[in-house]
Amino acid sequence: MFIAIARPAVEPQGPDAVAVPGSPAVPFVSPRALHARLLENAALRRMRGLERRRSNRPDDADYWLHAAPVAVRKACALRDDIGFAALP
């Protein structure tokens with residue numbers, strides 16, 4: 001028996017090709033905004049790590065304090081890829 005595979009009636013359009021039809025579109029984020037978001041993320045991770053250390057939770061503190069440089073490295077890599085001016 002042969003079964004024809006029908007294409008869906010609604011196909012995703014735009015940058016989010018795996019989105020379910022009807023889901024909200026993924027907004028375009030400029031490279032500068034993404035860079036700022038990554039640096040903010042790194043700052044929040046560091047503050048969370050210091051908060052955990054003050055709460056005497058060294059295992060959580062170590063995790064968050066080691067996670068902060070990851071976001072900084074991603075921001076640096078983005079800066080190199082996009083061609084922003086070098087930081088002093």
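Tutor: Gladly! Contact means heavy atoms within 4.5 Å. By that rule Arg45 touches Trp64, Ala67, Ala68, Val70 and Ala71, leaving aside residues up to four places away in sequence. This is a predicted model, where local features need pLDDT of at least 70, side-chain atom pairs count only at pLDDT 80 or more, and totals for chains, interfaces and linings use all residues. Residues are numbered from 1 along each chain as its sequence is written, and side-chain values use heavy atoms, without hydrogens and water.

Student: Why is the pair of Tyr63 and Trp64 called edge-to-face?

Tutor: Rings of Phe, Tyr and Trp (its six-membered ring) pair if their centres lie within 6.5 Å; planes under 30 degrees apart are stacked, over 60 edge-to-face and the rest tilted. The centres of Tyr63 and Trp64 are 5.0 Å apart and their planes stand at 80 degrees, so the pair is edge-to-face.

Student: What makes Tyr63 exposed?

Tutor: Buried means under 20% relative accessible area, exposed over 50%, and partly exposed in between (1.4 Å probe, protein chains only). Tyr63 has 53%, so Tyr63 counts as exposed.

Student: How do you know that Arg45 has no salt bridge?

Tutor: A salt bridge needs a side-chain nitrogen of Lys or Arg within 4 Å of a carboxyl oxygen of Asp or Glu. For the buried Arg45, the nearest side chain of opposite charge, Glu40, is 11 Å away, so there is no salt bridge.

Definitions and conventions: Lys and Arg count as positive and Asp and Glu as negative; His and the chain ends are not counted.
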